[in-house]
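We will go from stop to stop, and each stop says what to select next.

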Amino acid sequence: MKNIAVFASGSGTNLQAIIDNIAAGTLKANLALVVSDKRKAFALERARKAGIKTLFADPKKFETKEDYEKYIIGYLKDENVELIVLAGFMRIVGPALIKKYKNRILNIHPALLPAFKGGCAIKDAFQYGVKVTGVTVHVVDEKVDHGPIILQEPVSVLDSESVKELEERIHRVEHKIYSQAIQKALSGRLVIKGRKAIFSSK
Ligand code: GRF
């Protein structure tokens, strides 16, 4: 079973779905470490409750992003982490982590990239009046919400719904497809060619 780490800054509902899917056996991975940049992130509490190791890494204690990431990498090495899963981690990942974990960092975004990048994607799509939005899981590269796409699932926007209702439906899709994408990435068959994430058949 391969070791993964989840990075989260907030409530951690995606983390919870990963924990639950591992417990149910539908995601075959070992969640070795949960990392947060926020001491009070509810995600850390979810991890502790599930008996998972946690690391609160305080960015204020480091002069540079590189030092900060090298500190985290030390813990990832100790836990033999093979894949990093960003789940609401509100920091831009820098070159140190990206180089060390090339094509082995995933992110989930609550819109169909490249539409509606950034931190308010659900609200932005709703206010724009799109009829279809969705969820994207992608490999993390140097640019925000940019790397090769692993999975996308569309979500129709209903005329009658509020942004809150749309948000709930999008989160439900996130909780389903993130584990699927993680499983794919762990299969060892992922090949990155330019912008394309391709899964070889063998
Ligand atoms: C999710 O909507 C995810 O797509 C975005 O941040 C949110 C995290 O939510 N990157 P949660 O902390 O997993 O509940």
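**Stop 1: the ligand and its pocket**

The ligand sits in the largest pocket. "Sits in" has a cut-off: more than half of the molecule's atoms lie within 2 Å of the grid points of the pocket or cavity. Pockets and cavities are found on a 1 Å grid over the protein atoms alone. A pocket is an open set of points with protein on both sides within 12 Å along at least five of seven lines; in a cavity, a 1.4 Å probe fits but cannot get out. Lining residues have an atom within 4 Å of a point.

Before you go on, note that this is a predicted model, where local features need pLDDT of at least 70, side-chain atom pairs count only at pLDDT 80 or more, and totals for chains, interfaces and linings use all residues. Residues are numbered from 1 along each chain as its sequence is written, and side-chain values use heavy atoms, with hydrogens and water left out.

**Stop 2: around the ligand**

Select S11, G12, T13, N14, G88, I108, H109, P110, H171 and E174, the residues around the ligand. Each has a heavy atom within 4 Å of it. By class, this shell has two nonpolar, seven polar and one charged residues. Here Ala, Val, Leu, Ile, Met, Phe, Trp, Tyr, Cys and Pro count as nonpolar, Asp, Glu, Lys and Arg as charged, and the others, Gly among them, as polar.

Now look for polar contacts (pairs of N or O atoms within 3.5 Å). Where does E174 come in? An N or O atom in the E174 side chain is 2.2 Å from a ligand oxygen. Next, show the backbone. A backbone N or O atom of G12 is 2.8 Å from a ligand oxygen. At I108, a backbone N or O atom lies 2.9 Å from a ligand nitrogen.

**Stop 3**

Zoom out. The largest pocket has a volume of about 860 Å³, counted as the space filled by probe spheres set on grid points joined across faces, edges and corners. Of its 35 lining residues, G88, F89, M90, I108 and P110 are the closest to the centre. The lining divides into 14 nonpolar, 13 polar and eight charged residues.

**Stop 4: a cavity**

How many cavities of 30 Å³ or more does the structure hold? There is one. About 50 Å³ of space lies in the largest cavity. Select K65, Y68, E69, I72, F89, R91, I92, V93 and L97 to see its lining. Helix α3 (residues 65–78) gives the most, with four residues. Helices (H or I, at least four residues) and strands (E, at least two) are DSSP runs, numbered from the N terminus.

**Stop 5**

Most residues other than glycine have a negative phi, and most peptide bonds are trans. Select L113 and P114: the peptide bond between them is cis, with omega near 15°. P114 is in the loop between β5 and α5. Last, select N80. N80 is not a glycine, yet has a positive phi of about 50°. Find N80 in the loop between α3 and β4 (83–86).

Methods
Polar contact = N/O pair within 3.5 Å; in protein donor to acceptor, adjacent residues only side chain to side chain.
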